[in-house]
Amino acid sequence: MATTSHMFMYSLTIQPPSAVTQAILGQFAGTREQQIVTAAGSKLTIHRPDPTQGKITPIFSQDVFGIIRSLAAFRLAGSNKDYIIIGSDSGRIAVVEYLPAQNRFSRIHLETFGKSGVRRVIPGQYLAVDPKGRACLMAAVEKNKLVYVLNRNAQAELTISSPLEAHKPQTLVFAMISLDVGYENPIFAALEVDYSESDQDPTGQAYEEVEKHLVYYELDLGLNHVVRKWTDPVDRTASLLFQVPGGADGPSGVLVCAEDSVTYRHSNQDAFRVPIPRRMGATENPERKRCITAGVMHKMRGAFFFLLQTEDGDLFKLTIDMVEDEKGQLTGEVRRLKIKYFDTVPVASNLLILKSGFLYVASENGNHHFYQFEKLGDDDEETEFSSESNSADPTVAIQPVFFQPRESENLNLVDTISSLNPLIESKIANLGEDDAPQIYSVCGTGARSSFRTIKHGLEVSEIVESELPSVPSAVWTTKILRSDEFDAYIILSFANGTLVLSIGETVEEVTDTGFLSTAPTLAVQQLGEDSLIQVHPKGIRHILADRRVNEWPAPQHRSIVAAATNERQVAVALSSGEIVYFEMDADGSLAEYDERRQMSGTVTALSLGEVPEGRVRSSFLAVGCDDSTVRILSLDPDSTLENKSVQALTSAPSALNIMSMSDSSSGGTTLYLHIGLYSGVYLRTVLDEVTGELSDTRTRFLGAKPVKLFRVSVKGQTAVLALSSRPWLGYSDIQTKGFMLTPLDYVGLEWGWNFSSEQCIEGMVGIQGQNLRIFSIEKLDNNLLQESIPLAYTPRRFVKHPEQPLFYVIESDSNILSPATRARLIEDSNAQNGEAAILPPEDFGYPRANGHWASCIQIVDPLITKSVVFTLELEENEAAVSIAAVSFSSQDDETFLVVGTGKDMTVSPRSHSAGFIHIYRFQEDGKELEFIHKTKIDEPPLALLGFQGRLLAGIGSTLRVYDLGMKQLLRKCQAQVVPKLIVGLQTQGSRIVVSDVQESVTYVVYKYQENRLIPFVDDSVSRWTTTSTMLDYETVAGGDKFGNFWVVRCPKKTSDEADEDGSGAHLVHERGYLHGTPNRLDLMLHFYTQDIPTTLHKTQLVAGGRDILVWTGFQGTIGMFVPFVSREDVDFFQSLEMQMASQHPPLAGRDHLIYRSYYAPVKGIIDGDLCEMYFLLPNDKKMMIAAELDRSVREIERKISPPLYSIHVSCLARSSAPLG
């Protein structure tokens, strides 16, 4: 990383991209069950489908710091485990296996074959593996193909051969698969076009006549070389290939998918062709041809079928009938193809069919779906179309066939995996007055678009909520015998008594339990094998198995104020400040320790740890006093109640809890003391299991109320429930084992406890006011909660109302019929053919038509109604392109909604018939819009902004200032400020930062006296700007469409000159430099993020925190850049980053530094995602790096895990990193 920068930032991913580009299925753990491996951005994730619950859960995710271009699963013959081959931009083939015991990916082979980067002639784009796992072929888009032979050595380890070449120059490859040929020589099939003649022919005639060929490449395992075995012309529009089962299962060969048809081809068989059915309906265009965009083949015993998907999302089931001989045996010769409509699912980038009867749909846009097969569509009413009535010649036009789409019959949706892709724009605001702001974003395309609220928290499932007769102060659950699996009683403590409820089929009050019901309770514990204990202010009640009760009364004039218990020990604190300690005897009775320990102040909290496995007692008692201290007392027989250590606090402790939790530093478990203070602060400190010393304290402010702490069990691990003004859960991250502290998305609780019954094995019981609530936490792997509100079309931009918690979203879709046109077509059809069923567009999409636009403005209320409250459709083929809320000085500073539109737009090449700016007035507190007027302009305004009581509009390359008139907008000033096209505007004072689609940013100053706009500084590099934001008056951060993040700054002298009083004549007459402005911006930071940044926010993610930069990316990424304060931190993280890159190189073989410098050298930014992989290293590697850095492992982990430089990154949790 360049050290020459004056500015340094730490880059972190809060949420990885959710756009799945590749998905494969296999038995990667070596067991019977199948797993799914997906690639999203640079993340490789393995998921476990659970057929019993119909859910998919991610097990492990790793950043490969490279672009994953292709993935394939393969298995060596006779093995029961699948390996993963990764084709990436590293110019290397990587073979990876998943190790379930260590829950990580391990690289077995890495062979270099070419240059790095995504290039035309470097293999990696296509990857095909022989079904028997003998060889794989890696191909480039043009010319180069390499075949690797896979085998095993004497130690049964996987080996990979040197590559065999199958190059053919001037040939473009469109698709590549392997054939299923049983155990004959492996064959690979490709769709190729030879462009050598087209390249030489200037007339274009050769291009018109060029043919697409299906080519077979055979790997001769005996001679160890690859030959081009067979080639045959196919339909010119062919774009996809599917493998047809061979050997004993089927005829072998391929399916060639072209526009409007699917053809079966094989070197020794006739060709068969079926048409792709088109939709029927009043709004459908019968001439529109369909293409197959995705598909999957599934083998069952003695049969197989294909599910093929068109660009509408319709799935078709294709089967192959074979010729039978006289005995009724299949001969392996194809008789015909049959195709029929199956169901409709979202358009997928990958489809996978699991053996357990599920279909995984990795959607191109929006949430991914997991379906269960209800039936296979064999006995339904759908029309079946056969190849018998169609010619197999690709030059002969195929007769179109039609089907009627319907609701799903064969597939049942069982799980949805939320995905923000594509995330088009976001805003950060704290509408709910929470302790941390929320991210509001618009995502998705077409009718599957949504407005999402993203906030930090864990999802809670409520099981029971019931009202109690009065307000309880505490609640416990207990078993009767230690061997019981489930809890038997719920004990509620009230101000004047105690209520006991039994847990069974129903929950009902019981009175014969031996508990004292006339006094409030301080603690309840199942003691020894079969007795119970109740601590109340006047004493301790020991209830034996035969219901006999032993009572220990508190000394006269004193009462018990605090208690701590475990299954063998009890400690109570008296109002006089004395600690009384009891331990269980061999005969099961409680014995009081002779001496009492007098504390210096009133005791506010006590805690005994659990009794460790194989021990008879917990060694320590933690005592919190009102003099703001915590003392650790020994409970060893030799030194009972002796002081071991003390820690001073900022306020009196309200709760203490000693518990053992898994620890990333040691790799095992560590004893921690959790401390809650009356000031609302939570502390976690390491308690030495031998000496009782306290060290490594981490703090976190939880809320305004005193913190209460409870030990609970979640997903099989010990966790801490911390209650303040809202509930929090402290637990170990599933992947890194680092400690996470995450708020629960639930009501504020006053008390909580573990709860376990037959119906709810791992739950919690809590008190909120007068209500008793039982709830559970299902998932610990996702700590960003999403609430989704459906939108009508693809969202383009949105703004917030200046005062109200409302958002205004503009949406538009091209080549989609507008509602008015749709309604007219349906009306005409109904008049002729009677009523037709209208299918929901969120499942089936909108009817398409070239040249049409559907567009609307919607008002979304994400807080109260959580819905769209108002929709305004745009007419006359206008589509909204920009939006702003602008207050006009000429209208007494009233705020209006300004929407820019384009009429009859074509996206590529860019064209339009006109542009308009609409003005709307807010009505009903912003819940409705009143149209005022619209102004016609030359072209669609892609950027609008309020500026000094007027409207600033970017129209083409011209910047204009408008004021509001009675009948239209009045042009006040204009200037051509950028070379190409204005796509974004930012302002501070009289300075305007203008983003150009292709030429980075230009700073413009507005001279009020002269009414002039003068550009005075621009960038030296062309950047295809997608978003920008002003960090301060001179500095702008931006992102471009190639996935770069950059920060540029205006030189101080230039900035001061531009702001000098006067007319700005000196700026106007200064000579331009290289066809631009006279001055240039300085580059401060540069970093390759891989996702396209769509929005950047300079914001605080926690009240009183420091400003950081949050960015959202097109594929659903949310990340942040945190500025460094001290040079010392920069040096530490630079060294750590360097160590990590060398000791733990990226999985797919890409060089980390080159990856982050994809288009320009990385400058001033440290990659936090790489630093955080330190948590995943084995212990010996951790210690080696720690020694290099001259630090301890715990010290390094503490530095990596927040609160990072007091900014409390935690406010928005990270899915991959622990929080401290």
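Which residue's side chain meets that of Asp89 in a salt bridge? Select Asp89 and Arg1150: their side chains form this contact at 3.1 Å, N to O. A salt bridge here is a side-chain nitrogen of Lys or Arg within 4 Å of a carboxyl oxygen of Asp or Glu.

Before moving on, note that this is a predicted model, in which local features need pLDDT of at least 70, side-chain atom pairs count only at pLDDT 80 or more, and totals for chains, interfaces and linings use all residues. Residues are numbered from 1 along each chain as its sequence is written, and side-chain values use heavy atoms, with hydrogens and water left out.

**Stop 1: Asp89 and Arg1150**

Stay on the salt bridge between Asp89 and Arg1150. Asp89 sits in the loop between β7 (83-88) and β8 (92-99) and Arg1150 in the loop between α7 (1127-1143) and α8 (1152-1156), so the contact ties together parts 1061 residues apart in sequence. Helices (H or I, at least four residues) and strands (E, at least two) are DSSP runs, numbered from the N terminus. Asp89 is buried at 0% relative accessibility, and Arg1150 is buried at 6%. Buried means under 20% relative accessible area, exposed over 50%, and partly exposed in between (1.4 Å probe, protein chains only).

**Stop 2: Lys338 and Glu384**

Next, select Lys338 and Glu384, whose side chains form a salt bridge at 3.9 Å, N to O. Lys338 belongs to strand β27 (residues 330-344) and Glu384 to the loop between β30 (368-373) and β31 (385-386), 46 residues apart. Lys338 is buried at 18%, whereas Glu384 is partly exposed at 40%.

**Stop 3: a salt-bridge network**

Select Glu284, Arg288, Arg290, Glu311, Asp312 and Arg848 together; salt bridges link them in a network. The count for the model is 61 salt bridges.

**Stop 4: the sheet β42 to β45**

Now show the open sheet of 4 strands, ordered β42-β43-β44-β45 with antiparallel pairing. Two strands pair if DSSP finds at least two bridges between them. β42 (523-527) and β45 (549-553) are the edge strands, each with a single partner, so one side of each has no neighbour in the sheet. From one strand to the next the twist averages 15°, with axes as lines fitted to C-alpha atoms (for helices over the stretch in contact) and angles from 0 to 180 degrees between N-to-C directions.

Zoom in on β44 (residues 539-543), which pairs with β45 in the antiparallel sense over 5 bridges. To end, select Arg541, whose bridge partner in β45 is Glu551.
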